Amino acid sequence: MGKKVMKLFLDTMLRAAVIILAVAIVVMLVLLARTMSKNKKSDTTTTKEALSIVTEEADPSDPTFGGEDADTSGDAASEETTSEDAQTENDAKSAKIAVINASGESGVAATWQGTLNASGYSSVDIGTYTGDSQSSTTVYVSDSYDVSGITSLFSSASTADKSELDESLCDIDVSGADIVIVVGSMDAANN
């Protein structure tokens with residue numbers, strides 16, 4: 001009889017220990033989730049605060065940013081050129097881009113889509129080249145987009161006017177794209 005009582009007691013203690021351990025794990029997960037949530041909110045708040053910092057640039061009397069007492073001996077033409085270059089680069093970042101996989105390897109266009117998105121290019125579609133595999137990458141451009149930021153990401157990219165692209169060899173409609181990147185096999189594993 002004593003052994004049965006002892007076995008029952010040990011079984012009960014083991015079950016209690018398992019239940020207590022399970023409850024402890026759940027509580028720890030809840031605390032972890034709460035901490036992660038707070039950190040995420042904190043990061044978002046910090047980012048918003050950083051974006052909303054007001055500089056003296058808005059103060060017209062501050063000579064640092066070209067106010068009343070500013071030194072006007074600087075070259076205004078170079079400032080305009082820099083502004084135009086930035087605008088051109090911004091245009092390329094906001095251009096509609098199509099990445100077409102012509103390497104013959106699957107998943108290449110999706111990988112480059114991620115790389116371009118991470119580099120700040122906001123509108124990137126993907127597709128597959130239905131013609132023969134290409135070895136080098138060609139960036140087809142319409143209008144006057146500066147694609148030097150894009151071509152620098154690839155090891156073997158050349159540029160061409162978009163009118164030179166045979167759009168029928170793309171499995172997606174690229175007619176509305178401003179920039180079409182046909183990725184060759186030399187750039188299949190380079191990102």
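The legends below describe close-up views of a predicted model.

In this predicted model, local features need pLDDT of at least 70 and side-chain atom pairs count only at pLDDT 80 or more, whereas totals for chains, interfaces and linings use all residues. Residues are numbered from 1 along each chain as its sequence is written, and side-chain values use heavy atoms, with hydrogens and water left out.

**View 1. Overall make-up of the protein chain.** The protein chain has four helices and five strands, in the order α-α-β-α-β-β-α-β-β along the sequence. Helices (H or I, at least four residues) and strands (E, at least two) are DSSP runs numbered from the N terminus. Of its 191 residues, 25% count as buried; buried means under 20% relative accessible area, exposed over 50%, and partly exposed in between (1.4 Å probe, protein chains only). The protein chain exposes about 12,800 Å², with carbon and sulfur atoms supplying 56% of that area. Accessible areas come from the Shrake-Rupley method with a 1.4 Å probe, and for residues only the protein chains shown count as cover. Among contacts (heavy atoms within 4.5 Å) between residues at least 6 apart in sequence, 70% join residues at least 24 apart.

**View 2. The largest nonpolar core.** This core has 19 residues, and those with the most contacts inside it are Ile97, Val99, Ile150, Ile179 and Ile181. The elements giving two or more residues to it are β1 (96-101), α3 (108-118), β3 (137-141) and β5 (179-183). Helix α3 supplies the largest share, four residues. Another core, of 12 residues, lies apart from it and includes Ala98, Leu165, Val174 and Val182. A nonpolar core is a set of buried Ala, Val, Leu, Ile, Met, Phe, Trp, Tyr and Cys residues joined through side-chain atoms within 4.5 Å.

**View 3. Surroundings of Ile179.** Not counting residues up to four places away in sequence, Ile179 touches Ala92, Ala95, Lys96, Ile97, Ala98, Val139, Tyr140, Tyr145, Val147 and Ile150.

**View 4. Asp178, a buried residue without a salt bridge.** Asp178 lies in the loop between β4 (157-161) and β5. The nearest side chain of opposite charge is Lys162, 6.6 Å away; Lys and Arg count as positive and Asp and Glu as negative, while His and the chain ends are not counted. Leaving aside neighbours within four places in sequence, Asp178 is in contact with Ala95, Lys96, Tyr140, Val141, Ser142, Asp143, Tyr145 and Lys162.

**View 5. The two salt bridges of the structure.** A salt bridge is a side-chain nitrogen of Lys or Arg within 4 Å of a carboxyl oxygen of Asp or Glu. Asp125 pairs with Lys96, the closest N and O atoms being 3.3 Å apart. Asp125 lies in strand β2 (residues 123-128) and Lys96 in strand β1, so the pair ties together parts that are 29 residues apart in sequence. Asp125 is partly exposed at 34% relative accessible area, and Lys96 is partly exposed at 32%. The other bridge joins Lys162 and Glu167 (3.9 Å, N to O). Lys162 counts as buried at 9% relative accessibility, whereas Glu167 is partly exposed at 32%.

**View 6. A nonpolar patch on the surface.** Ile19, Val23, Val27, Met28 and Leu31 form this patch, with about 480 Å² of accessible area together. Ile19 lies in helix α1 (residues 2-51) and is exposed, with a relative accessible area of 55%. Patches are made of residues with over 30% relative accessible area and no salt bridge; like charges are joined within 9 Å, and nonpolar side chains (Val, Leu, Ile, Met, Phe, Trp, Tyr) within 5 Å.
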